[in-house]
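Dear colleague,

Here is the structure we spoke about, for you to open alongside this message. My notes on it follow below.

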Amino acid sequence: PAPPTGSSPQPPKATARRHLRRGGSPWTTSEPRRRILFIVLDDFWANAIFSVTPTIVVGLIFWFAMRAIIRADRAERQAYTEIEAEERARFEKLHADPHE
């Protein structure tokens with residue numbers, strides 16, 4: 001028998017293939033314009049965490065970088081202070097008044 005013509009529904013696989021050709025997502029066949037990059041997040045808290053995470057990660061990277069810079073500066077200032085104190089002591093020892 002010939003397949004029925006008119007408004008009969010297509011098989012599910014053909015409908016899904018046509019939907020994907022139009023740029024739809026395989027997860028949401030009922031909403032062809034909705035495109036989500038990796039996963040479907042319909043939960044409010046999952047969306048909130050997903051959107052805040054990059055900001056937190058970038059903030060942590062910035063914090064670690066600034067912490068390293070400040071610690072390096074502190075160590076350099078301490079070393080410079082020690083060297084300067086040694087040089088002042090040596091200078092005063094060489095240029096001390098021998099009559100005192």
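**Notes on the model**

Trp 63 is located in helix α2. Please keep in mind that the model is predicted.

First, the overall picture. The protein chain contains 2 helices and 0 strands. Of its 100 residues, 4% count as buried. The chain exposes about 9600 Å², and 64% of that comes from carbon and sulfur atoms.

Helix α2 covers residues 44-94, which is 51 residues. From first C-alpha to last it reaches 75 Å, close to the 75 Å expected at 1.5 Å a residue. There is a kink of about 30 degrees in α2 at Val 52, shortly before the proline Pro 54.

Next, the aromatic residues. A search of the whole structure gives 1 aromatic pair. Its members are Trp 63 and Phe 64, arranged edge-to-face, with 4.9 Å from centre to centre and 65 degrees between the planes.

Last, the charged side chains. Side chains of opposite charge can pair when their charged atoms come close. The search of the whole structure finds 3 salt bridges:

- Arg 77 with Asp 73, at 3.0 Å from N to O. The two are 4 residues apart in helix α2, about one helical turn. Arg 77 is exposed, at 57% relative accessible area, while Asp 73 is partly exposed, at 34%.
- Glu 84 with Arg 88, at 2.9 Å from N to O. Both lie in helix α2, 4 residues apart, or about one turn. Glu 84 is partly exposed at 29% relative accessibility, and Arg 88 is exposed at 52%.
- Glu 87 with Arg 90, where the closest N and O atoms are 2.9 Å apart. These residues are also in helix α2, with a separation of 3 residues, about one turn. Glu 87 is partly exposed, at 40% relative accessibility.

Regards

How values were computed: Residues are numbered from 1 along each chain as its sequence is written. This is a predicted model: local features need pLDDT of at least 70, side-chain atom pairs count only at pLDDT 80 or more; totals for chains, interfaces and linings use all residues. Side-chain values use heavy atoms; hydrogens and water are left out. The expected span of a helix is 1.5 Å times one less than its number of residues. The bend at a residue is the angle between axes fitted to the seven residues ending there and the seven starting there. Buried means under 20% relative accessible area, exposed over 50%, partly exposed in between (1.4 Å probe, protein chains only). Accessible areas come from the Shrake-Rupley method with a 1.4 Å probe; for residues, only the protein chains shown count as cover. Rings of Phe, Tyr and Trp (its six-membered ring) pair if their centres lie within 6.5 Å; planes under 30 degrees apart count as stacked, over 60 as edge-to-face and the rest as tilted. A salt bridge is a side-chain nitrogen of Lys or Arg within 4 Å of a carboxyl oxygen of Asp or Glu.
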